[in-house]
Amino acid sequence: MRIHIPTAIWIIWFATVSLATVLATLRGLMGPTNSDRLVALDNWTTITTGFWVILALFFFQFVLLSVAMVYAILSFLGGLVIARYLERGL
Amino acid sequence: MLDAFLGWLGVVFVFIGVFFLFLGALGIFRLPDLFNRLQAGTKATTLGVVATSIGVGLIVKGWILFAAALAVFLLMTNPISSHAIARASYRVGVKLYPGTDPDKCEERGWKFPEGGEEK
């Protein structure tokens with residue numbers, strides 16, 4: 001790493017991303033229709049991709065960045081498939 | 001000197017990204033309607049995750065190429081997924097928020113064959 005990051009900055013990052021994940025999870029649990037749950041799932045996976053990127057910096061492993069890439073690809077394909085299922089059935 | 005500058009620039013980028021991820025989740029939680037929620041969530045979280053990955057690529061030497069590739073991939077695929085979700089839920093017949101003034105689809109007389117019932 002180019003610089004040394006203090007502990008307070010790590011705590012602020014992890015707390016903010018965790019709060020965002022909790023908010024998206026609540027919307028997914030109480031959304032009135034199935035489409036609301038799908039929207040919440042899509043944004044939940046996007047937030048979690050950002051969380052993987054921060055974890056790759058925290059553990060200083062390049063592999064976790066590749067994990068974030070694969071996670072993004074799989075969440076994109078899953079969102080498309082579930083949207084198509086809601087539209088006209090599989 | 002340059003290393004310290006780029007590193008702290010990356011820290012600022014990650015702060016911006018994390019803040020926008022939180023704003024997107026707040027929009028998902030607070031807004032009244034599916035389409036409002038979809039717009040807020042997709043725009044804000046796309047900016048958030050792109051800024052986060054660019055910041056991480058600036059902090060560590062040699063990660064910028066992969067981080068930029070991840071950012072470009074997310075910029076390409078997130079609007080496609082959002083568009084598919086919006087189209088599917090409009091065709092299924094999710095009710096719009098009453099304050100949404102012009103419903104352009106209804107104005108132009110687009111009829112979707114399987115609309116009507118709420119799933």
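**Helices across two chains**

User: Hi! What covers the buried residues of H3(B)?

Analyst: The cover includes H2 and H3 of chain A, together with H2 of chain B. A residue is buried here if 20 or more other C-beta atoms lie within 10 Å of its own, exposed if 12 or fewer do, and partly exposed in between, with C-beta atoms placed from the backbone. Contact means that two C-beta atoms, again placed from the backbone, lie within 7 Å. Helices (H or I, at least four residues) and strands (E, at least two) are DSSP runs, numbered from the N terminus.

User: Before we go on, what sort of model is it?

Analyst: This is a predicted model, where local features need pLDDT of at least 70 and side-chain atom pairs count only at pLDDT 80 or more, while totals for chains, interfaces and linings use all residues. Residues are numbered from 1 along each chain as its sequence is written, and chains are lettered from A and ligands numbered from 1 in the order in which they are written.

User: Thanks. Which residues of H3(B) are buried?

Analyst: Ala67(B), Leu70(B), Leu74(B), Asn78(B), Ser81(B), Ser82(B), Ala84(B), Ile85(B), Ala88(B), Ser89(B) and Val92(B). Just after H3(B), Gly93(B) takes a positive phi of about 105 degrees.

User: I've clicked on Ala84(B). What does it touch?

Analyst: Leaving out residues up to four places away in sequence, Ala84(B) touches Leu80(A) and Ala83(A). Ala84(B) counts as buried because 21 other C-beta atoms lie within 10 Å. Its C-alpha is separated by 33 Å from that of Gly10(B), 74 residues away along the chain.

User: How do H2(A) and H3(B) pack?

Analyst: They pack at an angle of about 170 degrees, with their axes 10 Å apart. The two helices are therefore roughly antiparallel. Residues making that contact are Ser35(A), Leu38(A), Val39(A), Asp42(A) and Thr46(A) on H2(A), and Asn78(B), Ser81(B), Ile85(B), Ser89(B) and Val92(B) on H3(B). By class, there are 4 nonpolar, 5 polar and 1 charged residues.

User: What are the conventions for the axes and angles? And the cut-offs for "roughly antiparallel", plus the residue classes?

Analyst: Axes are lines fitted to C-alpha atoms, for helices over the stretch in contact, and angles run from 0 to 180 degrees between N-to-C directions. Angles under 35 degrees are roughly parallel, over 145 roughly antiparallel, 65 to 115 roughly perpendicular, and the rest oblique. Ala, Val, Leu, Ile, Met, Phe, Trp, Tyr, Cys and Pro are nonpolar, Asp, Glu, Lys and Arg charged, and the others, Gly among them, polar.

User: Zooming out, how many residues does each chain put into the contact?

Analyst: Chain A gives 43 residues and chain B gives 49. On the chain A side, the elements with two or more residues are H1 (7–30), H2 and H3, and H2(A) gives the most, with 16. That side of chain A has 28 nonpolar, 9 polar and 6 charged residues.

User: What about chain A by itself: compact or spread out?

Analyst: Chain A has 3 helices and 0 strands. Its radius of gyration is 16 Å, well over the 12 Å that the globule rule gives for 90 residues, so chain A is more spread out than a compact globule. The radius is taken over C-alpha atoms, and the rule is 2.2 Å times the number of residues to the power 0.38. Those C-alpha atoms fill a box of roughly 50 × 25 × 10 Å along the principal axes.

User: And Phe60(A), is that buried or exposed?

Analyst: Phe60(A) is exposed, with 9 other C-beta atoms within 10 Å. It is found in the loop between H2 and H3 of chain A, and has a positive phi of about 60 degrees although it is not a glycine.

User: Last one: how many residues of H2(B) are buried?

Analyst: 21 of the 26, so H2(B) is largely enclosed by the rest of the structure. H2(B) covers residues 34–59 and reaches 37 Å from its first C-alpha to its last, close to the 38 Å expected.

Note on methods. The expected span of a helix is 1.5 Å times one less than its number of residues.
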